Amino acid sequence: MHLRSLAFRVALSGLCLGVAAPVHSVMAAEQDSLGEIVVTAEKRATPESKTPISMDVFSGAELSADGVHDVATLSRLDPTLNFGSSGQGAIFLTIRGVSSRDASEIGDPAVPVSIDGFFQDRTYALNASTFDLERVEVLRGPQGTLYGRNAIGGAVNFITQKPTDEFGGYGTIDFGNYQFLHTEGAVNIPLSDTVQIRAAFASYTHQGYRFNPEQNSRNDDEDTQSGRVSVAFQPFDGFTGLVTGQYTRGGGAGQGYQEVPFSYNAAGTDIYHSTPAGINYNSYSTLVPFQQQLTEYRLHWELNYTLFANATLSYVGGYDYTHFYHVEDDSNAVTQTPAKYITDERPVTQNHELRIASSPNQRVTWQGGLFYFVENSSMNSAYQIQTANGFPPAFAFPYPTVQTDSYAAFGTVNFQVIDSVKLSLGARENYDDKNRIGTALLYPQLLGLPPSSTPIATSVQNGSSHSNRPTYHVGVDWTPTADSLIYGKFDTGYKAGGFNSNGLMPSTQYGPETAKNYELGVKQWVFDRSVEVKGDVFYENYYGYQAQLGACPTCSNASSIANAGAATMKGIEASINANINPIGRINLSVDYLSAKFTNFLGLLTTYQPGGGSMAVAYNLAGDSMIQSPKISATAGIEHSWELSNQGTLTAQAQTSFRTAQYFSNYNFEDSRQGAYELTDAYLQYTSPGDRYEVQAYGRNLANTDYLTFALEDGTARAYKYAFGAPRTVGIKLTAKFK
């Protein structure tokens with residue numbers, strides 16, 4: 001859909017809502033401004049409109065009303081956040097063209113996600129944790145100074161609701177098509193003047209969106225349950241503490257993907273790179289059923305103590321144990337030989353940050369800290385081919401020790417030159433180490449020989465890497481009025497290096513990625529703060545891009561990673577949020593992005609019909625980066641009517657639109673997702689006193705088909721595709737108590 005069509009739909013929706021409003025209707029928010037949101041993007045509480053970061057912030061009420069319960073649905077509200085996923089349980093986030101597709105045990109994200117300041121490199125349990133939220137902050141551009149390694153594309157912060165000194169809570173039940181059932185609830189209990197407790201839970205289940213005739217089952221289902229208990233305490237003046245424990249479990253088939261057999265060119269020298277026939281968004285068969293099991297235990301804490309001169313000492317820490325077991329179909333699509341890949345990982349993650357910050361109410365403000373991250377993991381994964389004796393391993397990867405350590409020291413200082421001008425400086429030094437001990441075992445059945453439980457080749461898979469980089473920030477903020485912020489800044493970013501030793505290949509190292517970003521932005525309130533306008537322009541140079549090159553045809557989708565290229569990203573981001581009487585509340589965001597490789601001499605794996613393959617040189621300079629649509633936009637409208645019984649009726653429609661994008665750096669047609677839009681809407685009744693809510697909703701109303709993953713897979717000899725959610729409709733009931 002073209003942008004003019006998108007704008008027309010928004011205008012038409014507003015006209016219809018305005019005409020339909022009865023004479024006595026009153027827009028719920030017309031008597032007041034939009035209101036300020038306080039964020040912690042700079043690791044201290046600041047008004048969003050005075051925070052010099054290009055960002056989107058969504059309150060818990062917005063997220064609940066819009067049905068956001070995972071990163072995929074969040075990306076519908078934020079045009080600059082692009083979501084991708086694979087059948088291996090991995091989640092890929094892209095901001096401004098920056099992402100990482102390395103879902104291996106030593107891979108790192110390029111857009112890290114935190115929950116209350118706790119970061120994980122493995123994203124298996126992320127979606128199950130996004131409930132009972134206070135807000136979500138999506139930060140764009142390198143955030144290296146305060147967030148460190150891997151925040152080279154940006155960062156996404158989920159902030160959960162904390163215990164308060166008021167008794168209350170809520171309960172929600174939500175049911176819809178595909179046998180969808182969502183339950184959620186929370187209760188807040190002030191035990192005393194110094195201790196408060198909040199307990200929350202959520203469950204999500206639905207049958208798979210795609211039918212699998214071969215297995216008489218469905219793929220792309222959901223079956224997760226999670227519970228969280230938080231205890232806040234203030235034992236004496238100047239000290240506050242918060243301890244949170246959470247348990248999560250998941251099951252079902254999880255996300256699957258369709259395999260379409262390779263089509264070869266007439267010369268038999270390679271496959272066609274055009275979109276294959278036979279892609280089916282509703283039904284496809286797999287020779288092996290998908291399956292996943294997830295267990296996660298998390299303990300998180302935050303302690304704050306007021307020091308001299310109202311400075312604050314903070315310690316934020318956490319521990320997480322996750323066990324992820326996943327079975328995916330990896331059958332040979334040409335010979336129809338059943339095969340599967342089993343991922344069995346147990347990462348144990350710790351985060352620790354000690355930070356001291358000055359009082360915010362002075363001409364010179366500062367903060368500094370130390371950060372430590374460690375992930376200890378064991379893995380026992382295998383590629384298995386069916387024989388007369390079941391599925392013995394054909395290629396196994398027992399890795400008893402996989403460890404990632406990250407250390408950093410950071411500091412920032414802000415100097416109020418005059419009342420309207422502030423200078424800011426920041427720096428961080430990062431040190432990152434990765435180590436792995438293990439072996440790779442190759443069995444004869446991988447090569448088509450008689451099956452055996454004795455490997456015919458063994459390779460030591462030990463590897464290690466060390467990388468470190470400083471990152472910097474320089475900025476100037478100008479506030480000509482109390483309702484204005486104009487800022488300019490320079491930031492650098494860094495993503496840790498690593499190593500690879502795929503299959504029987506020796507270990508090789510690759511270096512870090514780095515970025516330099518120049519940005520100019522403005523945030524402006526107008527019309528008595530009933531309208532907020534935001535915009536920014538940026539230019540970024542990206543170096544050392546960690547590219548997945550030439551697939552190893554006997555390594556079960558493994559590929560070598562090398563620093564293969566440089567890129568330039570530039571763009572314009574603009575948004576408006578407004579209360580316009582008598583239409584209602586509207587929002588519009590339009591973003592332009594050019595993210596292209598300027599230097600990228602890589603390798604392309606070519607596949608032959610007989611099973612052979614070879615890597616040839618290939619120049620990717622000029623190609624678009626993964627999931628980098630040129631135009632991204634969201635538009636929405638919300639209108640409320642005050643009813644005669646003092647209740648409220650609210651209608652909302654929200655549309656997101658993206659132009660074409662690619663899921664591969666090669667920009668082949670078989671990895672291209674064309675332009676598409678997703679439209680959601682709801683109608684909600686809120687009772688007098690806000691005691692209960694009834695909402696009817698529809699998401700992806702046009703039932704748009706779209707991809708979340710595309711891959712040329714040399715092991716399966718197939719094009720692989722994963723798909724986004726189809727149209728879903730439902731009814732949600734929420735009761736609140738005080």
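Predicted model: local features only at pLDDT ≥ 70, side-chain atom pairs only at ≥ 80, totals over all residues.
Local features are taken at pLDDT of at least 70 and side-chain atom pairs at pLDDT 80 or more, while totals for chains, interfaces and linings use all residues. Residues are numbered from 1 along each chain as its sequence is written, and side-chain values use heavy atoms, with hydrogens and water left out.

Let us start inside. A nonpolar core here is a set of buried Ala, Val, Leu, Ile, Met, Phe, Trp, Tyr and Cys residues joined through side-chain atoms within 4.5 Å. Buried means under 20% relative accessible area, exposed over 50%, and partly exposed in between, with a 1.4 Å probe and protein chains only. The largest nonpolar core holds 22 residues, and Tyr 542, Tyr 545, Met 569, Phe 600 and Met 625 have the most contacts inside it. Two or more of its residues come from each of β32 (531-551), β33 and β34; strands are DSSP runs (E, at least two residues; helices are H or I, at least four), numbered from the N terminus. A second, separate core has 20 residues, among them Val 71, Leu 77, Leu 126 and Val 136.

Met 569 deserves a look of its own. Contact means heavy atoms within 4.5 Å, and, leaving aside neighbours within four places in sequence, the partners of Met 569 include Arg 96, Val 98, Tyr 542 and Met 625.

Next comes the second largest pocket, with a volume of about 1,100 Å³. Of its 45 lining residues, Thr 40, Lys 43, Glu 302, Asn 304 and Arg 355 are the closest to its centre. A pocket is an open set of points on a 1 Å grid over the protein atoms alone, where a 1.4 Å probe fits, with protein on both sides within 12 Å along at least five of seven lines; lining residues have an atom within 4 Å of a point. The volume is the space filled by probe spheres set on the points, which are joined across faces, edges and corners.

Finally, some backbone details. Asn 216 and Asn 700 are not glycines, yet each has a positive phi of about 50°. Asn 216 sits in the loop between β13 (210-212) and β14 (217-219) and is exposed, at 64% relative accessible area. Asn 700, in the loop between β41 (692-699) and β42 (707-713), is buried, because its relative accessibility is 0%. The peptide bond from Asn 581 to Pro 582 is cis, with omega near 10°, and Pro 582 belongs to the loop between β33 (559-580) and β34 (584-607).
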